[in-house]
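Here's a quick briefing to read with the structure open beside you. Take a look at the fold, then work through the notes by topic.

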Amino acid sequence: MALILVVDDDQAVRLLLSRTLIKQGHTVIEAADGQAAIRLFRSHTPDLVITDLVMPNKEGLEMILELKGIYPQAHIIAISGGGRCNPDSYLEMAKYLGAARTLSKPIGLEQFIEAVDEVLLAN
């Protein structure tokens, strides 16, 4: 199975996504913000990054841009509940910056698993 980096400042969301992925047989590493995620990505080179977009320190959009600069083949799923804007605005930008898939919060777990499987199988 895959090594997956889950990035979200909400610990409950990170835990839910991580547990779901572990039940699917994946290995998971976690980060609470984009800065920590970049460090983990450099040291582990995960097969997939799943990231929230609205976070402290380094937002998801900045992180996607930086990851794609470091490793253009990085596979990313972006998730967002919005923040100050409609989540669709953030998700459209994430897609433009290179996210393979985007999902709006709240995320259905079946939809989440399907997106993960789709991105991993495509690569």
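Predicted model: local features only at pLDDT ≥ 70, side-chain atom pairs only at ≥ 80, totals over all residues.

Angles between axes under 35 degrees count as roughly parallel, over 145 as roughly antiparallel, 65 to 115 as roughly perpendicular and the rest as oblique. The axes themselves are lines fitted to C-alpha atoms, for helices over the stretch in contact, and the angles run from 0 to 180 degrees between N-to-C directions.

Residues are numbered from 1 along each chain as its sequence is written, and side-chain values use heavy atoms, with hydrogens and water left out.

**Helix packing**

- Two packed helices are described by the angle between their axes and the distance between the axes.
- Helices here (H or I, at least four residues) and strands (E, at least two) are DSSP runs, numbered from the N terminus.
- For α2 and α3, the packing angle is about 20° and the axes sit 10 Å apart.
- On the α2 side, G34, A37, I38, F41 and R42 make the contact, and on the α3 side it's M63, E66, L67 and I70; contact means heavy atoms within 4.5 Å.
- The α2 and α3 crossing is right-handed: a crossing gets that label if the near helix is turned clockwise from the far one by less than a right angle, and left-handed if anticlockwise.
- α1 and α5 pack at about 60°, with 11 Å between their axes, and that makes α1 oblique to α5.
- α1 also passes α5 in a right-handed crossing.
- In that pairing, L16, L17, T20 and L21 of α1 meet L109, F112, I113 and V116 of α5.

**Nonpolar cores**

- A nonpolar core is a set of buried Ala, Val, Leu, Ile, Met, Phe, Trp, Tyr and Cys residues joined through side-chain atoms within 4.5 Å. Buried means under 20% relative accessible area, exposed over 50%, and partly exposed in between (1.4 Å probe, protein chains only).
- The largest core has 23 residues, and L5, V7, V49 and L53 have the most contacts inside it.
- Elements giving two or more residues to this core are β1 (3-7), β2, α2 (34-44), α3 (60-70), β4 (76-80) and α4 (87-97). The top contributor is α2, with five residues.
- What does V49 touch, not counting residues up to four places away in sequence? Its partners are L5, V7, F41, M63, L67, H75, I76 and I77.
- There's also a second, separate core of 16 residues, which includes A2, I4, I77 and V119.

**Salt bridges**

- Side chains of opposite charge can pair when their charged atoms come close. A salt bridge here is a side-chain nitrogen of Lys or Arg within 4 Å of a carboxyl oxygen of Asp or Glu.
- The structure holds five of them.
- R14 and E30 pair up at 3.3 Å, N to O.
- R14 is buried at 12% relative accessible area, whereas E30 is partly exposed at 37%.
- K105 and D52 meet at 3.4 Å, N to O. K105 is in the loop between β5 (101-104) and α5 (109-121) and D52 is in strand β3 (residues 48-52), 53 residues apart.
- Of these two, K105 is partly exposed at 26% relative accessible area, and D52 is buried at 4%.
- D8, D52 and K105 are linked in a network of salt bridges.
- R101 and E118 pair at 3.1 Å, N to O. R101 lies in strand β5 and E118 in helix α5, so the bridge ties together parts that are 17 residues apart in sequence.
- E118 is partly exposed, at 43% relative accessibility.

- Most residues other than glycine have a negative phi, and most peptide bonds are trans.
- K105 and P106 are joined by a cis peptide bond, with omega about -5°. P106 is in the loop between β5 and α5.
- T45 isn't a glycine, but its phi is positive, about 40°. This residue lies in the loop between α2 and β3 and is partly exposed at 41% relative accessibility.
- N57 also has a positive phi, near 70°. You'll find N57 in the loop between β3 and α3, where it counts as exposed at 56% relative accessibility.
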